[in-house]
Amino acid sequence: MYQYDAIDQQLVQERVAQFRDQTRRYLNNELSEQEFLPLRLQNGLYVQRYAPMLRVAIPYGMLSSAQLRTLADIGRRYDKGYGHFSTRQNLQFNWPTLESVPDILAELAEVEMHAVQTSGNCIRNTTTDQYAGVIADEIVDPRPYCELIRQWSTFHPEFAFLPRKFKIAVNATESADRAATQVHDIGLHIKKNDAGEIGFKVIVGGGLGRTPMVGVTISEFVPREDLLTYLDAIIRVYNQNGRRDNKYKARIKILVKALGIDAFRKLVDAEWEHLRGKESTVPMSEFERLQGFFTEPAYKALEEQPQSLTDKLANSAGFARWYERNTFSHKKAGYRIVTLTLKKNGQAPGDATSEQMDKAADLADKYSFGELRVSHEQNLVLADVQQDQLVELWEAAKESGFATPTLGLLTDMICCPGGDFCALANAKSIPIAKQIQDTFDDLDYLYDIGEVDLNISGCMNACGHHHVGNIGILGVDKKGEEFYQVSMGGASGHDASIGKILGPSFAQEEIGSVMKRIIDLYVDQRTEEERFIDTFRRIGIKPFKEAAYAKAN
Amino acid sequence: MQKLIKDGAIVDNTYSLVNDAEQVISENSIVPMQQWIENADTLGKVAGIWIDAGEGVEALENQDLSQLDVVAVNFPAFADGRGFSYGRLVRERLGFKGEVRAIGNFIPDQLGYLLRCGFSAFDFEQDVNLEKALELHKPFSVAYQGDVADPRPVFLRRG
């Protein structure tokens, strides 16, 4: 993974000193609340319902075991012994004190980490496929490009006060889009053209929140050397023309929609003409330097599907289940990608205790070259596990609550922290997740239902991505009471779509039974090969609506 | 006389900002960009112009800016970042060599970024302790991106 050099290290060090001074001036009343607000947000610090929340950047989800141990340690000493992995591959601490944040940042800087631009109206952490670099059908490893974007976007002097937040996601496979790129402000799809040159299909104007939209293609192919000048051009057009009078209409998607993609493209191209070929054009030597950080680890020559593995698969239904759901094929023979799930019933989705983080770091050291990834679905990934060590790892993962074999199934929910923590939320989301986990606690049944993306957000800001869940649940406030609106038909992959609202919202205690009726209808209506989303697309929303609102009898 | 920060020092503000049609215009005036463009023949010599957020810099593309001492950019609110792009465009696209002045409601903590975007003078509308603001009058000592001071991104500078 990427390693800081003197320049990277100096920059985070200076940032720590800057934020320490800003915090000191705020506490001394030298900086007003209003002035401190964007400064602390650009450093990932929110003031939440009960305490500040600090969001630590995990660039494109890559973590070393040493970094994860530092996060565990910070969680123990400055928080209540846990952290929350977010859909943008970051980690949130819910209980630090404001005064302690500069010290936390100093400790993070020691392990090449920071909280820069994890919030605020600036370019946020770039995200990508959690399987980057280890899957067979990848065009190229997207991580060197993510690192290039990370550096370009970090402390970009022109784009720190955009109309609204700005999120970029990168995908490099035709077969899947695990980074939900089409619902980002910019989605980048790595491509190779007929001449074998690497470039990007650029999608712009996607996003969730109050007005969810799937992005549109602005360019089919931007050569990789032109990536930064093209991004500069897009964001410069947005910075100057995006709406600033209404924060709900300030995202780039609103500008793209208002102008139409052709007019927007024209503005970008006109701007790009001035920038293209200039100093920000990336030389080959830089791509080579960055690629040098993402070389293959010392893989052994191993046999695919060793006897010990096939034996265990035949003899242990529990192991076979875990293997089927929570592991994924690796480009190297004899290796497997393993997801450590953070979706155990009774624990908020994405939460990990400091003890679990330490344990995951140990497992990474023992089984996966000391590295981990955070996934968009709020799980941890060990990317390089020997197949002959899977049984051992499974046993260890079970002990630590990492082996709930439900990856991709109904209960592998994406869920924001909701009203239990977040000051913006209209409603709680964690109890809804719990209710669904309790309703669908039978593993055989869950397996029979198959793949369903169920996403829960506690408010319109859509941190739980409810719009792109096959089933989405949104917390709403009705005269001080918490209700839940259900939408269906959303998807976040290459077939991205925005879900449609089913109808009037439900009371909190109804959600489990409503989900049950929706799933029962699917099971009843599906053809043999159909996933939930396929059946929905074939039969439409109406039967689901009837089922959801049917009175229990 | 009101003070401002210019080229890293606290100095007297020798120009006067024109933001009302009744004001008398002199050689020391900084006049609205549109007024300057539309009344080129009648205005006579002025110190400079100011660009408001939302106006953009396109209208200046065919103008001779070399006769101006100062181009000012207004920040209606410090969170309104349009001026950062304007500063760069005035320097990098229009090649203006004189003073680029930030006016309006920006804050001292933004000076590092403003300097990198080509601003050389800072006239705070709000009551700001300029001595303290001067302590923030420096970018980080390293940067990833090219900027007005040095157009080379870090990858052209890494040894």
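Predicted model: local features only at pLDDT ≥ 70, side-chain atom pairs only at ≥ 80, totals over all residues.
**Where the chains meet**

On one side, 47 residues of chain A take part, and they are in contact with 35 residues of chain B. Together the two chains bury about 3500 Å², with 59% of that area on carbon and sulfur atoms. Within chain A, the residues that lose the most area to chain B are Pro157(A), Phe161(A) and Gln240(A), which together make up 21% of what that side buries.

The rule finds 8 salt bridges across the interface of chain A and chain B. One of them pairs Glu271(A) with Arg93(B), where the closest N and O atoms are 2.6 Å apart.

Which elements of chain A give two or more residues to the side that touches chain B? They are the helices H1 (6-27), H2 (33-41), H5 (143-153), H6 (227-241), H8 (261-275) and H9 (284-291). H1(A) gives the most, with 10 residues.

In residues 119-274 of chain A, the end C-alpha atoms lie 30 Å apart, and the span is 31% helix and 18% strand. In residues 413-548 of chain A, the end C-alpha atoms lie 20 Å apart, with 35% helix and 19% strand.

**A helix with buried residues**

Next comes helix H7 of chain A, residues 252-259. Its buried residues are Ile252(A), Lys253(A), Ile254(A), Leu255(A) and Val256(A). What do the buried residues of H7(A) pack against? Their partners in chain A are strand S9 (198-204), strand S10 (216-223), and the helices H6 and H8. Just after H7(A) comes Gly260(A), which takes a positive phi of about 90°.

Gln386(A) lies in strand S15 of chain A, residues 380-386. Gln386(A) counts as buried because its relative accessible area is 10%, below the 20% cut-off. Leaving aside neighbours within four places in sequence, Gln386(A) is in contact with Lys300(A), Leu302(A), Gly334(A), Tyr335(A) and Tyr367(A).

In chain B, Asn74(B) sits in strand S6, residues 70-75. Asn74(B) is buried too, because its relative accessible area of 14% is under 20%. Beyond its neighbours within four places in sequence, Asn74(B) is in contact with Trp50(B), Ile51(B), Asp52(B), Ala53(B), Ile103(B) and Gly104(B). The C-alpha atoms of Asn74(B) and Gly104(B) are 5.3 Å apart in space, although the two are 30 residues apart in sequence.

| Side chain | Partner side chain | Polar contact |
|---|---|---|
| Gln386(A) | Lys300(A) | 3.0 Å |
| Gln386(A) | Asp388(A) | 2.9 Å |
| Asn74(B) | Asp52(B) | 3.0 Å |

Key. Residues numbered from 1 in each chain as written. Chains lettered and ligands numbered in written order. Heavy atoms only, no water. Contact = heavy atoms within 4.5 Å. Buried area = accessible area lost by both parts, 1.4 Å probe. Salt bridge = Lys/Arg side-chain N within 4 Å of Asp/Glu carboxyl O. Helix = DSSP H or I, 4+ residues; strand = E, 2+ residues; numbered from the N terminus. Buried < 20%, exposed > 50% of the residue type's maximum accessible area, 1.4 Å probe, protein only. Polar contact = N/O pair within 3.5 Å; in protein donor to acceptor, adjacent residues only side chain to side chain.
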